[in-house]
Amino acid sequence: MSQQEGCRVVVLGGYGHFGARIVRALAATPGISVIAAGRHPQRAAANLPGLEMAPVQCRRLDTAAATFAADLRATGADLVIHTAGPFQRQDYGVARACLEAGMHYIDLADGRDFVRDFPAQLDAMARRHGRSAISGASTLPALSGAVVDALRDRFDVLQSIDIVIAPAQATPLGMATVRAVLSYCGQPFRCWIDGRWQAVVGWADPQPVTFARIAPRLASPCDVPDHDLLVQRHPGVSTVRFRAALELPLLSRCLAALAWLRRRGLPLPMAALAGVFARAGRCFDRFGTDLGGMRVTLRGQREGVAHRVHWDLTAPMLHGPEIPTFAAVLLARRLARGEPLPVGAHACLGLLDLPEFEAEFARWQIDSQVSWAGTAT
């Protein structure tokens, strides 16, 4: 596809928490026409203000409908961006329908198994159709992987990777995100620690962490694709950890309490609790700030000396929720410029480099910086 022909993009979940942001970004991109799709097109007016001024169509598409494949094909899209999570319990039906229709596919999945197994499940089909299918085009593993790739050469021996995401308390919450968070609260999962797989419990045992430009927080373990993908990408690394750090310690401890109860067999209705947790969290917004952040810490050896590097990101003015959309937007723009996406099925690791993300950071006044020390602690 040449740039002159234009690129037609369907955003599934296009009125949602992340989908609406992607729709707005792509609608402002020359050469792209956007279809915001979902089960409830009437929500477009609320979530996409100024829609009448942008080249955006709205269309009803229900991924669970028997007619989904035919309805999707009727859009004539070149690319589908799937944002309708949570992905933790989804199958690959949407991706398969896109490939069968001759469309490229990108999703924002953060489900560990979903992203890890995506290439093995769909690569043959994607190659047969000559299309690209990319999973995990979000903060994890697309941005986190790009940061590690950018800093890896500062070490002769890379020993550990530690990633912490710290959302602002007042960040708007999509229900899919809350359901994903609660799906592994209190559940054990495998984490690569000290050169072997060990069990940790989701959202249990919050520990203090520090950042460059935001206040210290309590961070808890989360089950994400990076636990598998970064271990595979960086052979020899002895530890890979990912944690999330809520702004208010009380909320971190509430999740830890839920994790404790669930580990002890209490049959908590986690699906129902998602709505309760989302509504209750909003009551504490006045005690938080508009600052979110992320810290990636690498430790290892350089010239025989223990070495540590921190990469810190600070997102002001509640701009943090834009970050998970950057990878999908960058890849869609690449396609619209007439640059090919890689044929086959891929986890979104190594497909984008850090300077590409930094250009998007600048648009949103998001700051990133690197600091290092000769002696790791």
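At what angle do the axes of H5 and helix H8 cross? Let's find out with the model open.

This is a predicted model, where local features need pLDDT of at least 70, side-chain atom pairs count only at pLDDT 80 or more, and totals for chains, interfaces and linings use all residues. Residues are numbered from 1 along each chain as its sequence is written, and side-chain values use heavy atoms, with hydrogens and water left out.

**First stop: H5 and H8.** Select residues 226-233 for H8 and 112-129 for H5. Helices here are DSSP runs (H or I, at least four residues), numbered from the N terminus. The two axes, lines fitted to C-alpha atoms over the stretch in contact, come within 8 Å and cross at roughly 40 degrees. Now show Arg 112, Val 115 and Arg 116 of H5 with His 227, Asp 228, Leu 229 and Gln 232 of H8, which make the contact (heavy atoms within 4.5 Å).

**Next stop: H4 and H5.** On H4, look for Ala 95, Arg 96, Leu 99 and Glu 100; their partners on H5 include Phe 118, Leu 122 and His 129.

**Last stop: H11.** Select residues 326-336. Here 11 of the 11 residues are buried, so H11 is largely enclosed by the rest of the structure. Buried means under 20% relative accessible area (1.4 Å probe, protein chains only). Among them are Phe 326, Arg 333 and Arg 334. Just after H11, click on Gly 338, which takes a positive phi of about 90 degrees.

Definitions and conventions:
Buried means under 20% relative accessible area, exposed over 50%, partly exposed in between (1.4 Å probe, protein chains only). Helices (H or I, at least four residues) and strands (E, at least two) are DSSP runs, numbered from the N terminus. Axes are lines fitted to C-alpha atoms, for helices over the stretch in contact, and angles run from 0 to 180 degrees between N-to-C directions.
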